[in-house]
Amino acid sequence: VQLQASGGGLVQTGGSLRLSCAASGRTFTDYAMGWFRQAPGKEREFVTGISSSGGSASYGDSVKGRFTISRDNAKNTVYLQMSSLKPEDTAVYYCAADHRSLLRLVCSTQAEMCDSWGQGTQVTVSS
């Protein structure tokens, strides 16, 4: 599956931003989806994942209560709504797909095992 992420930008502390990731090439509902991020000088970090149906989601501790993942299977798109943004949220955000389970993003703990990656979109939060 090919992934195309968009929606990044510059936002002030406390602001909101919504990222989108459009999928093509394969059956979208065959994949759990998720988002990772990578800040300069740091390793790639799991942000959130969502089941194939959209009925269940998981979040990294640093974003719980502030970020929300959703998907529209009719549009083959997964979203990341980010609120109460902090400077430490500044990173390149990547969407990812994983076919190994429909119920959760199995590669959340092993990013290298994800099937596909989007190209990344920069999010910068100014203080």
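**Close-up 1. The disulfide between C107 and C114.** In this predicted model, C107 and C114 are joined by a disulfide, S to S 2.0 Å (the term covers a pair of cysteine sulfur atoms within 2.5 Å). The link of C107 and C114 is right-handed, with 85° about the S-S bond. C107 is buried at 0% relative accessibility, and C114 is buried too, with a relative accessible area of 7%. Here buried means under 20% relative accessible area, exposed means over 50%, and partly exposed is in between, using a 1.4 Å probe and protein chains only. Residues are numbered from 1 along each chain as its sequence is written. As for what counts in a predicted model, local features need pLDDT of at least 70, side-chain atom pairs count only at pLDDT 80 or more, and totals for chains, interfaces and linings use all residues, while side-chain values use heavy atoms, with hydrogens and water left out.

**Close-up 2. The disulfide between C21 and C95.** A search of the whole structure turns up two disulfides, and in this one the sulfur atoms of C21 and C95 sit 2.1 Å apart. The pair links distant parts of the chain, with C21 in strand β3 (residues 17–24) and C95 in strand β9, 74 residues apart. Strands are DSSP runs (E, at least two residues), numbered from the N terminus. The torsion about the S-S bond of C21 and C95 is about 65°, so this disulfide is right-handed. C21 is buried, at a relative accessible area of 0%, and C95 is buried at 0% as well. Count the bonded cysteines along the chain and the pattern reads 1-2, 3-4.

Close-up 3. Side chains of opposite charge can pair when their charged atoms come close. The whole structure has five salt bridges, each being a side-chain nitrogen of Lys or Arg within 4 Å of a carboxyl oxygen of Asp or Glu. D89 pairs with R66, their closest N and O atoms 2.7 Å apart. D89 is in the loop between β8 and β9 and R66 in the loop between β6 (57–59) and β7, so the pair ties together parts that are 23 residues apart in sequence. Both D89 and R66 are buried. D61 and K64 also meet in a salt bridge (3.2 Å, N to O), but these two are exposed. In a further bridge, D98 and R100 have their closest N and O atoms 3.2 Å apart; D98 is buried at 0%, while R100 is partly exposed at 36%. Shared partners join R37, E45, R66 and D89 into one salt-bridge network.

**Close-up 4. Two loop residues with positive phi.** Most residues other than glycine have a negative phi. N76 is not a glycine, yet its phi is positive, about 55°. N76 is in the loop between β7 (67–72) and β8 (77–82) and is partly exposed, at 27% relative accessibility. S84, another non-glycine, has a positive phi of about 50°. You'll find S84 in the loop between β8 and β9 (91–98), partly exposed with a relative accessible area of 40%.

**Close-up 5. The largest pocket.** The largest pocket holds about 150 Å³ of space. Of its 13 lining residues, the closest to the centre are R37, A39, K42, E45 and E88. On a 1 Å grid over the protein atoms alone, a pocket is an open set of points where a 1.4 Å probe fits, with protein on both sides within 12 Å along at least five of seven lines, and lining residues have an atom within 4 Å of a point. The volume is the space filled by probe spheres set on the points, which are joined across faces, edges and corners.

Conventions
Helices (H or I, at least four residues) and strands (E, at least two) are DSSP runs, numbered from the N terminus.
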